[in-house]
Amino acid sequence: MDALDLARWQFAITTVYHFLFVPITIGLSALVAVFHTAWVRKRNPEMLRLAKFYGKLFTINFALGLVTGIVQEFQFGMNWSDYSRFVGDIFGAPLAIEALLAFFLESTFLGLWIFGWGRIPEKLHAGCMWAVHIGTLLSAYFILAANSFMQNPVGYRYNPQSGRAELTDFAAVLTNKVQLVTFPHVVFAAYMVGGAMVMGVGLWHMRRVNKATEPAARSDLGMYRKATRLGAVVTLVAGLAVAVTGDLQGKIMTEVQPMKMAAAEALYESSDSNAPFSLFTVGSLDGSQEKFSVTVPGLLSFLATGSFDGKVQGINNLKAEYAQKYADNPLTQSTTYVPNIPLSYWSFRLMMGVGFAAMAAAAAVLWATRRDQVPTARWWTWLAVATPLLPVFGNSFGWIFTEIGRQPWIVFGLMATHTGVSPSVSAGEVITSMVVYTLLYGALAVVEVKLFLHYMRAGAPPHEEPVTPSEKDEDAELAFAY
């Protein structure tokens, strides 16, 4: 493989790895804030214990997400310098705001939340976690604004003298039509992850304490039931919101990136109306033609346009159109204007499949825990372990589809991916850094999993009523207050 292929592999590895932590951070921060606020309002010791318990799991995840996220920005200068030069004027603004505003908001108030027990007023302390959550949302918004420009470039002008895209309307970048549907879709998907995490961990502990013989251990059953059912409700409601926003996103995608929709459905020939939705398709190895498919007539037209009579363009027609439209510009010339069809097709279906599976699991948990029941069959343990992973993988499959389906563009219609790679970086240099990052990420994954499982199995800490700031010894050493 040449430097381009290796650079793409490295960016894919680091991006997918980093995004394993992002939705957990967004979703868990909201639920920890809910638990903490519930304790402040009702003084229920169970809510305080759950806030500290899930807060510790959140903190472990936040640390790993921080470390892996920093590497992402380094790669723009390392492996993609021509791309950075082309869009730096546009990308710089949202990424700078994300770092200077959103990230500092998250990290500052997370520090106050961790070390603020008994040192700041209780309502203000609970508000710190809400500030952390708002910071995660702002981070997501500004980063998605940058990514949405890659999907649908707006608010710029091309300067032929410098060969760069220059920012002309920052508001247009922030209100890109792709951004306005992508942001709620990603956030609701993150809430789905957070809900599934709380539900899965709560269900595991609920089954554990139900088997205990000590009265003290069994007294925690009600606490874990509340966490399990709250997580299940959040997973189910957020999943429905993901489906609605995903439908809106599909219609915008059809408008601005028709090739991505065609690739998602392996639709090779344009359909003037009643385009079928493919449930299962087998194509040629090079993805150039369909061999066999199982379809639902008209459903694709409705999903893409909102009408069963809507026209959906096919892969072959768009390929010919793009080859003629972009052939004269060196930045947009490509050997093919078709993304990897099998990967686009199956990542799209895996994204939906694991999402619906998580929703089904949440519904099953709500049914099984009604009227103070406790699921006792052994397979519920496996469900508790698998359920948090389903929406996490769904998020990953969604991003794989989003980025693969945009190919061969690094900025749709403006810059082909092969023109954005650093010209002075050799394949050997890329593979060296890729191996180092992969080994480092592997080691961090081991640390993350061991820490997460250790504190997850330990369960919620015993209740200790926090002291008020007036009772706190001001000379006492700061401690990691769990």
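Helices (H or I, at least four residues) are DSSP runs, numbered from the N terminus. Their axes are lines fitted to C-alpha atoms over the stretch in contact, and angles run from 0 to 180 degrees between N-to-C directions. What you're looking at is a predicted model, where local features need pLDDT of at least 70, side-chain atom pairs count only at pLDDT 80 or more, and totals for chains, interfaces and linings use all residues. Residues are numbered from 1 along each chain as its sequence is written, and side-chain values use heavy atoms, with hydrogens and water left out.

Let's start with a pair of helices. α1 covers residues 3-19 and α3 covers residues 45-78; they pack at an angle of about 150°, and their axes are 9 Å apart. Angles over 145 degrees count as roughly antiparallel, so that's the word for α1 and α3.

Who does the touching? On the α1 side, the contact (heavy atoms within 4.5 Å) involves residues including Phe 11, Tyr 17 and His 18, while α3 brings, among others, Gly 65, Val 71 and Phe 76.

Now for the holes. A cavity is a set of points on a 1 Å grid over the protein atoms alone where a 1.4 Å probe fits but cannot get out. The structure has 2 of these with a volume (the space filled by probe spheres set on the points) of 30 Å³ or more.

Technical notes:
Helices (H or I, at least four residues) and strands (E, at least two) are DSSP runs, numbered from the N terminus. Angles under 35 degrees count as roughly parallel, over 145 as roughly antiparallel, 65 to 115 as roughly perpendicular and the rest as oblique. On a 1 Å grid over the protein atoms alone, a cavity is a set of points where a 1.4 Å probe fits but cannot get out, and a pocket is an open set with protein on both sides within 12 Å along at least five of seven lines; lining residues have an atom within 4 Å of a point.
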